[in-house]
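Morning, everyone. Let me put the model up, and then we'll walk through its packing.

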Amino acid sequence: MTKPAKQIHLAAHFPGVNNTTVWSDPRAGSHIEFSSFTHFARTAERAKFDFLFLAEGLRLREQGGKIYDLDVVGRPDTFTVLAALAAVTEHLGLTGTINSTFNEPYEVARQFASLDHLSGGRAAWNVVTSWDAFTGENFRRGGFLPQEERYSRAREFLATANELFDSWHGDEILADQESGRFLADAKAGAFAHTGRHFDIHGRFNVPRSPQGRPVIFQAGDSDEGREFAAAEADAIFSRHGTLEAGRAFYADVKSRLAKYGRSRDQLLILPAATFALADTDAEAEELAREVRRQQVSGATALRHLEFVWNRDLSAYDPDGPLPDIDPDVGQEHISQGRAQVRMYRDPLATAREWRELAKAHAWSIRDLVIHTGNRQNFVGSPATVARTIDALVQADASDGFILVPHLTPTGLDEFADKVVPLLQERGVYRTEYTGTTLRDHLGLTHPDHLRAERVAS
């Protein structure tokens, strides 16, 4: 019997706070004006995407003690933007990254429950931890937690937030105008949590929202992150977008679900993906090369090399050879607030590898950074890109993709107009929304139904 085709999930990441975004392009717009968010969200909804995703930055990155302004810097408050977008969209899910290291469960639960009400059940929370003391300086606790402590706090943070969401069952509000009785249960919202990280009790003041709880996303790629996702998340963001790496990640994470009493369809795997579209594959390849050179200017190339060398390399020619000096492996790092520096755990080995690559291909510093860094996932004509996306999803390399265009706010338009119709023609992507909540879009069961199933079994 032929296996039915999987339906593809698509989402859109509002770009910013990274060097994927080409803010210097004449077609680029603001990354803070509401009109940019509105255009982006409405394009995603027109294309019947599952959700829009906002990342979060809790401190501006610095390099050499100065604000790193080669990328877009700054980000307006996530909840404020998502609440405003709830008013100008009807179906699109609204996903925000909110940190579990420096926030408090009551506050975050209240904000997400409110957003779920305001949007009619479209809220989602990307649960993340903070890893560096530099970011922690913006908060009263300061410092940072070791990795095992971060995940310990994150697990308890989410468990506590769920206790708050579940403190209302959904049937307490009578609002009987004749009798004047508003609540069926005067104890609604009561909670008490005592644990290692949180000791709180009181009344949660937001009644149960349409989804019961927000959809939970997780983005960690470590073993701890994968385990956390398998136990708690509804979807996990992945950086593994190729066939081989994607299938390995997919199989690993899905295999962890059974130990938590969960089925494979209760966790979606969604890699981030960039793209370059043109009328022909050859034209798209040329566009991709042009975009990569826009993303990696000479100054950007030198700064990226500093992530490994941990030295001021501003005197070097970005179109010249790599430095002949070795990286500084001292404890203090020239780059602050950037997670990429953790990728280079052995700077000396990385420098040797990069020198060999540069020598073999006659690459300059800028060439090297372009070839080892930014690469579009999908490059080609609309037909080629649609075919590639479908093939990866059907091969269980992912359940869909979160698209990250290089232009704001119009970078999603061409994909919506030219690729989405081809996916619809292939029968692997919706032509209309069939539900009202984000859980509906993602094919996820309401938590109340899951709880009832567990009780029944």
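Start with the largest nonpolar core, which has 74 residues. Seven names to look for: Leu10, Phe49, Phe112, Trp125, Phe204, Phe401 and Phe415 touch the most other members. By nonpolar core I mean a set of buried Ala, Val, Leu, Ile, Met, Phe, Trp, Tyr and Cys residues joined through side-chain atoms within 4.5 Å. Buried is under 20% relative accessible area, exposed is over 50%, and partly exposed is in between, with a 1.4 Å probe and protein chains only. Helix α5, residues 147–165, gives this core its largest share, 7 residues. Helices here are DSSP runs of H or I, at least four residues, and strands are runs of E, at least two, numbered from the N terminus.

There is also a second, separate core of 19 residues, including Phe307, Val308, Trp309 and Ala351.

Quick note on the source. This is a predicted model: local features need pLDDT of at least 70, side-chain atom pairs count only at pLDDT 80 or more, and totals for chains, interfaces and linings use all residues. Residues are numbered from 1 along each chain as its sequence is written, and side-chain values use heavy atoms, with hydrogens and water left out.

Now Phe204. What is it in contact with, leaving aside neighbours within four places in sequence? Among them are Tyr106, Ala109, Ala113, Leu164, Phe165 and Trp168. Contact means heavy atoms within 4.5 Å.

Next, helix packing. Two packed helices are described by the angle between their axes and the distance between the axes. Helix α3, residues 105–119, packs on α5 at about 55°, with the axes 9 Å apart. Axes are lines fitted to C-alpha atoms, for helices over the stretch in contact, and angles run from 0 to 180 degrees between N-to-C directions. In α3, Pro105, Tyr106, Val108, Ala109, Phe112 and Ala113 meet Phe157, Thr160, Ala161, Leu164 and Phe165 in α5. That contact divides into 10 nonpolar residues, 1 polar and no charged. Nonpolar covers Ala, Val, Leu, Ile, Met, Phe, Trp, Tyr, Cys and Pro; charged covers Asp, Glu, Lys and Arg; the others, Gly among them, are polar.

Last stop, Val428. Find it in the loop between α13 (413–425) and α14 (438–442). Buried or exposed? Val428 counts as buried, because its relative accessibility is 2%. Beyond four places in sequence, Val428 is in contact with Ala5, Lys6, Gln7, Ile8, Asp390, Gln394 and Leu423.
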